[in-house]
Amino acid sequence: MKKKALSMLMAGTLAVSMLAACGGGSSSSAAPAAESTKTESTKTESTAPAPAAEGDNTLTVAAWDANFNIPALKAAEADYKANVNPDFQLIIKEQTGSTDVENAITLAGSSGDYSQLPDIVLFQDHFIQRYVADYPDAFIDVNDADVDWSDFGEEKLSYGLIDGKHYGFPVDNGTAIFAYRVDLLEQAGYTIDDMTDCTWEKFIEVGKAVFEKTGKYLLSIDGSGNDLPYMMLQAEGVSQFKDGEPYITENETYVKIYKILIEMAQNNVLYIANDWTDYTNNTIQGDMVAGVMNGNWIIPTIRQVAENSGKWEITNIPTINGGGGYAANGGSALYITSNCKKVDLAKDFLAKTFGGSTATYDAALTDGGVITCCISAGKSDVYQKGVEYFNNQPIYTDIVEMGGSVPVVEQSDYHYACRNYVGAAIINAVNGADADAELKNAEDQLRFEMGL
């Protein structure tokens, strides 16, 4: 992480200038937003420097994605203003992406000066533990916030639970789904029930039949950023790291999954896209696949093809031995920075909105496609409505329920480095290279990058 922090330092200069003076004065493929909930007090600012926020009822937050996270924050502000504090104001400092926030924390932590940070930041799940470890003075724990933490899935909370204390308020649910075109399955002689709780062996059988009957692959991945091995491994309750070190070639489960992916690609079950655009635009929206497995934030991408409405349904993830698997991919949470001068207000605002408010999460789903991580909020009427595009399946409440079953596995800030090395190994093996040698090379490269 230190190596990463230093490499980010120059970029961080720009990032902090974007966040400048927004501290407490006296960051995926997101859903297209519907008409967002807005109030006169809501201010979404550009990334240009702005005067410090004034007023005892004002908080500032840095976040990204105008169609996803920003509508969720506006929904929370409207909820808190209407039901708790009518004078409340949330100033949103919209960032280009999550890297802006990460760079700002890096620069502030490296200089020991946190005065340029906002009151609250949105931070990626996979990175937060390393940042809190490297810059412990940058964040404030929220262990005493008025939140029923048991109302959230254990896996989602695990990212922001550090040294036994809660630091983050979960925002978006990264639970992975497996969505299938049920009309294409039917052409091959199968149903969604055949895919529920199934084994990867069964999946490959179905995939071969689907390709033979329809010419469609049953699954695709982004070859430049392959998240499938991680999700498949998590569904087995196993990590790609053990005691802080890579756990790959000696990990029997990982080796099996790696070879399953190669087998799928070599048998027209899995299509490896060139990059993210090829994955989303050509394989999913271009109607090349009969199945999609990813974080639930992929749903808006699937829904772009209007003529396929009613043809999709979702279920859980196959596993090696069957029985149904659950995983997550992506996600973020809100954290209070040490520059916040109104910590009690920040804790109360976050606790009474993202901490479990049905009003906040209903509007966040409607306006931005953000699915709650809060189990009780996922039982609202809004969540239990059938979704026409998914054959009237109540997918949102189903996703929240699945999120409660995602296993907690060891995380690392080298998560993405591991993804890239193993992804390259899969492509090389599919193209004829020795599979075992490629996986060993991937692990060696990762260990070298980690300085091991």
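This is a predicted model: local features need pLDDT of at least 70, side-chain atom pairs count only at pLDDT 80 or more; totals for chains, interfaces and linings use all residues.

**Entry 1: the largest cavity**

The largest cavity has a volume of about 110 Å³. I then asked which residues lie nearest the centre of the largest cavity. They are Glu-155, Lys-156, Asn-173, Thr-175 and Gly-403, out of a lining of 15 residues.

Two elements give two or more residues to that lining: helix 6 (154–160) and helix 17 (395–403). Helix 6 gives the most, with three residues. I also sorted the lining of the largest cavity by class, and noted five nonpolar, seven polar and three charged residues.

A reminder to myself on the method: rolling a probe the size of a water molecule over the atoms shows where empty space is left.

**Entry 2: the second largest cavity**

Next I turned to the second largest cavity, which holds about 80 Å³ of space. Which elements give two or more residues to its lining? I wrote down strand 9 (219–222), helix 10 (228–235), helix 12 (276–284) and strand 13. Strand 9 gives the most to this lining, with three residues.

I also went through the lining by name. Among the residues there are Ser-220, Ile-221 and Asp-222, along with Trp-276, Tyr-279, Met-293 and Asn-294. The class count for the second largest cavity is six nonpolar, four polar and two charged.

I looked at one of the pairings in detail. Strand 8 (residues 176–181) and strand 14 pair in the antiparallel sense over four bridges. What is the bridge partner of Ala-179 in strand 14? I found that it is Ile-314.

**Entry 3: Asn-251 and Ser-239**

Then I picked out two residues in loops. Asn-251 is in the loop between strand 11 (245–246) and helix 11 (252–266), while Ser-239 is in the loop between helix 10 and strand 10 (241–242).

Are they buried or exposed? Asn-251 has 2% relative accessibility, and because the cut-off for buried is under 20%, Asn-251 counts as buried. Ser-239 is buried too, with a relative accessible area of 10%.

I traced the contacts from one to the next. The side chain of Asn-251 reaches the backbone oxygen of Ser-239 at 3.1 Å. Ser-239 in turn has a side-chain polar atom 2.7 Å from the backbone oxygen of Glu-410.

I turned to backbone angles with one general point in mind: most residues other than glycine have a negative phi. I noted two residues with a positive value.

Asp-65 is not a glycine, yet its phi is positive, at about 80°. Asp-65 sits in the loop between strand 2 (58–64) and helix 3 (69–83), and is buried, with a relative accessible area of 18%.

Asp-197 has a positive phi near 65° and is likewise a residue other than glycine. I located Asp-197 in the loop between helix 8 (192–195) and helix 9 (200–214). With a relative accessible area of 38%, Asp-197 is partly exposed.

Gly-207 is buried, with a relative accessible area of 0%.

My last stop was helix 5 (residues 125–134), which is mostly covered, with seven of its 10 residues buried. I listed the buried residues as Asp-125, His-126, Phe-127, Ile-128, Tyr-131, Val-132 and Asp-134.

Note on methods:
Residues are numbered from 1 along each chain as its sequence is written. Side-chain values use heavy atoms; hydrogens and water are left out. Two strands pair if DSSP finds at least two bridges between them. On a 1 Å grid over the protein atoms alone, a cavity is a set of points where a 1.4 Å probe fits but cannot get out, and a pocket is an open set with protein on both sides within 12 Å along at least five of seven lines; lining residues have an atom within 4 Å of a point. Grid points are joined across faces, edges and corners, and a volume is the space filled by probe spheres set on the points. Ala, Val, Leu, Ile, Met, Phe, Trp, Tyr, Cys and Pro count as nonpolar, Asp, Glu, Lys and Arg as charged, and the others, Gly among them, as polar. Buried means under 20% relative accessible area, exposed over 50%, partly exposed in between (1.4 Å probe, protein chains only). A polar contact is a pair of N or O atoms within 3.5 Å; within protein, one must be able to donate a hydrogen and the other to accept it, and residues adjacent in sequence count only if both atoms are side-chain atoms.
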